[in-house]
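This briefing describes one protein chain for a reader who has its sequence and its structure at hand. Please keep both in view while reading the points that follow.

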Amino acid sequence: MVENVSPTATWEALKADPQAQLVDVRTDVEWNFVGVPDLAGAGKQAVLIPWQTYPAMQRNAAFEEQLQKVGFTPEHHIYFLCRSGARSLAAAEAARAAGFTHVFNVADGFEGPLDAEGHRGAAGGWKAEGLPWRQR
């Protein structure tokens, strides 16, 4: 089972653990228009590997291979992030099935759940917790 970890706990792990890495599994459209986590303060960069491809939103068939191509090994602690935590959970489960044993889902993702007005960004997630991010 994949553990859900808060964005703040993820940030702390990224700063403290040299084997910890963040994989943002959103689409290129989201990275370009919504922003990406800024991990410079942890001495790292987010790894951008889409779980689904835009616009068809089909599963990225090369996802596990792309994790290996960037150099991830079973020793890495990999934190998966998406918009709200759903796609990243699926990605983390696929990574676990592919042999990556230390995988985590960033709970509430980058933008968090929908609020009462149907908007994201104020009720949780990376941005709402005040963690560093930037526009691409």
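**A central strand and its partners**

In strand β7, the bridge partner of D24 is L81. The model discussed here is predicted. D24 also has a bridge partner in β4, namely L48.

**Strand β2**

- Strand β2 covers residues 20–24, and five of its five residues are buried.
- In a regular strand, the side chains alternate between the two faces of the sheet.
- On one side of β2 lie A20, L22 and D24, on the other lie Q21 and V23, and all of these are buried, which leaves both faces of the strand covered.
- With strand β7 (residues 77–81), β2 pairs in the parallel sense over five bridges.
- With strand β4 (residues 47–48), β2 pairs in the parallel sense over two bridges.
- Within β4, the residue that stands opposite V23 is V47.

**The sheet**

- Strands of a sheet pair through backbone hydrogen bonds, in either a parallel or an antiparallel manner.
- Five strands form an open sheet with parallel pairing, in the order β1-β8-β7-β2-β4.
- The edges are taken by β1 (3–5) and β4; each has a single partner strand, so one side of each lacks a neighbour in the sheet.
- β7 also pairs with strand β8 (residues 102–106), in the parallel sense and over four bridges.
- In that pairing, H77 has H102 of β8 as its bridge partner.
- Because four of the five residues of β7 are buried, this strand is largely enclosed by the rest of the structure.

**Nonpolar cores**

- The largest nonpolar core contains 18 residues, and V23, V25, F63, L67 and F80 are those with the most contacts inside it.
- At least two residues of this core come from each of α3 (63–69), β7 and α4 (86–97).
- The greatest contribution to this core is that of α4, which gives four residues.
- Another core, of 17 residues, lies apart from this one, and its members include A42, Y79, F104 and W126.
- Leaving aside residues up to four places away in sequence, V25 touches I49, P50, W51, Q52, F63, F80, L81, C82, R87, S88 and A91.

- Which strand holds Q52? Q52 is placed in strand β5 (residues 52–53).
- Q52 has a relative accessible area of 19%; the limit for a buried residue is under 20%, so Q52 is buried.
- The side chain of Q52 reaches the backbone oxygen of M57 at a distance of 3.3 Å.
- Not counting residues up to four places away in sequence, Q52 touches V25, T27, M57, Q58, R59, N60 and R87.
- Q58 has its place in strand β6 (residues 58–59).
- Is Q58 buried or exposed? The relative accessible area of Q58 is 54%, and a residue counts as exposed when this value is over 50%, so Q58 is exposed.
- Not counting residues up to four places away in sequence, Q58 touches W51, Q52 and T53.

**The chain as a whole**

- The protein chain has four helices and nine strands.
- Along the sequence, these elements follow the pattern β-α-β-α-β-β-β-β-α-β-α-β-β.
- The radius of gyration of the chain is 14 Å, close to the 14 Å given by the globule rule for 136 residues, so the chain is as compact as a globular protein of that length.
- The C-alpha trace spans about 40 × 35 × 30 Å along its principal axes.
- Of the 136 residues in the protein chain, 45% are buried.
- Among contacts with a separation of 6 or more, 67% are between residues 24 or more positions apart.
- The chain exposes about 6,600 Å², of which carbon and sulfur atoms supply 51%.

Key:
Residues are numbered from 1 along each chain as its sequence is written. This is a predicted model: local features need pLDDT of at least 70, side-chain atom pairs count only at pLDDT 80 or more; totals for chains, interfaces and linings use all residues. Side-chain values use heavy atoms; hydrogens and water are left out. Buried means under 20% relative accessible area, exposed over 50%, partly exposed in between (1.4 Å probe, protein chains only). Two strands pair if DSSP finds at least two bridges between them. A nonpolar core is a set of buried Ala, Val, Leu, Ile, Met, Phe, Trp, Tyr and Cys residues joined through side-chain atoms within 4.5 Å. Contact means heavy atoms within 4.5 Å. A polar contact is a pair of N or O atoms within 3.5 Å; within protein, one must be able to donate a hydrogen and the other to accept it, and residues adjacent in sequence count only if both atoms are side-chain atoms. The radius of gyration is taken over C-alpha atoms; the globule rule is 2.2 Å times the number of residues to the power 0.38. Accessible areas come from the Shrake-Rupley method with a 1.4 Å probe; for residues, only the protein chains shown count as cover.
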